[in-house]
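Please read it with the coordinates open.

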Amino acid sequence: MKTIRLGIIGTGMALERLHYPALQELGDKYQIVALCNRTRKDAEDFARKINLDLSNVYDDYNKMLLRDDLDAVDILVPIELNYTVSEAVAKAGIDFICEKPMASSMEEANKYLTLSKKYNVKIMIAENYRYNEENNIIRDIVNSKKIGDTVYFIRNNISCFPCEMTKDTFAAKEWRQHPKYYGGAFLDAALHDLAALRHIFGAVECVQAFGKPQQEDFNPYLSINTNILFKNGVIGQYNYFPSGIETQKPPVGLRIFGTKGEIYLEDKNCGIINISYHDGKTEQIKYTPERGYYNELLNFYNALNGTEQISVTPDIEYGDVKMVFDTLKSISKREIIYVDAPSPVKETSFTEHENHNPLYFQ
């Protein structure tokens, strides 16, 4: 199995804190041969950090894509650039990984679905929550019916985006504070939670959502509260409050209720999945937090070497992205929106409503 010669587009925080540590662990499988960043100095600084000769640094990804030694490309750019850069890499005939979400609108998401077949390239969307240990363990518990038949779930995501804006965090990035795409933090961060729920429970029948509007740019709603009906009959609530602080401990987190017991995950970094049964027994399952980046890059390596299939393809990610925009559409239209199944009634166009955000279609 050959080492993958990797070019990277985008040398910011996502590379430094998320992908590069995993690439270091997989050092016998990946070799970084080229770096590109629109601010060349940032790419040069990272090249020095990894002892890469500056002749392999670019500020124009189109020039980097002309190299003949790239086996694959890792795309780590602001959300509004994901489709444009992905299309360019696909046209160059190079297999690639692209960070989530794959597109900043449904128009781009629909076009994205054509890239793999049109240009004969392998594509992975780096939705790390679908590769995280805790979500795979919970999915197995649900599918094996250890807690009986699943009845319903609650998933709360309470965070304080404004608190993080002035710190050395992802929220401090200008493009996240003033996004050029509709959905803001809901598309960027809540997408993870929805992807995890879809990973655990499967396809979604429909959503009904409500939102409390706010003026801040980083998210169109102060809070979003969503009822979800999965096609397997599971019903639950997903609540997203990116301007809040949960003072009660332990937090609500993720709770899944079955006919024989309950699953409780405090948060993704707690390292323990709690299971309690109706007969009074309890169980704790340990896991290693944040292994999604390692697992997805290992999956991509194996896929390029022909020993596995890519687990999170654009087709899989499309459903996650669509659910985000369908949730926002439900808020705007105050209607139930069908996600992974045809609507039994004709839906009016989103553009027919006065209060829609025109960025939805950009």
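Predicted model: local features only at pLDDT ≥ 70, side-chain atom pairs only at ≥ 80, totals over all residues.

The points below go from the overall fold to aromatic contacts and then to a surface patch.

1. Overall fold. The protein has 12 helices and 15 strands. Its radius of gyration is 21 Å, close to the 21 Å from the globule rule for 362 residues, so the protein is as compact as a globular protein of that length. The C-alpha trace spans about 60 × 50 × 40 Å along the principal axes.

2. Burial and contacts. Of the 362 residues, 54% are buried. Take contacts between residues at least 6 apart in sequence: 66% of them join residues at least 24 apart. The accessible surface comes to about 16,400 Å², and carbon and sulfur atoms account for 48% of that.

3. Aromatic pairs. The whole structure holds 9 aromatic pairs. One of them is Phe161 with Phe218, stacked at 4.5 Å centre to centre and 0° between the planes. Phe161 sits in helix α8 (residues 161-164) and Phe218 in the loop between β8 (204-213) and β9 (221-230), so the pair ties together parts 57 residues apart in sequence. Phe161 is buried, at 12% relative accessibility. Phe218 is buried too, at 2%.

4. Aromatic cluster. Phe153, Phe201 and Phe230 form one aromatic cluster.

5. Surface patch. Which residues form a nonpolar patch on the surface? They are Val151, Tyr152 and Ile235, with about 250 Å² of accessible area together. Ile235 belongs to strand β10 (residues 235-241). At 43% relative accessibility, Ile235 counts as partly exposed.

Note on methods: Residues numbered from 1 in each chain as written. Heavy atoms only, no water. Patch = residues over 30% accessible without salt bridge, like charges linked within 9 Å, V, L, I, M, F, W, Y side chains within 5 Å. Areas by Shrake-Rupley, 256 points an atom, 1.4 Å probe, with all protein chains shown as cover. Salt bridge = Lys/Arg side-chain N within 4 Å of Asp/Glu carboxyl O. Helix = DSSP H or I, 4+ residues; strand = E, 2+ residues; numbered from the N terminus. Buried < 20%, exposed > 50% of the residue type's maximum accessible area, 1.4 Å probe, protein only. Rg over C-alpha atoms; globule rule 2.2 N^0.38 Å. Contact = heavy atoms within 4.5 Å. Phe/Tyr/Trp six-rings, centres within 6.5 Å; stacked < 30°, edge-to-face > 60°.
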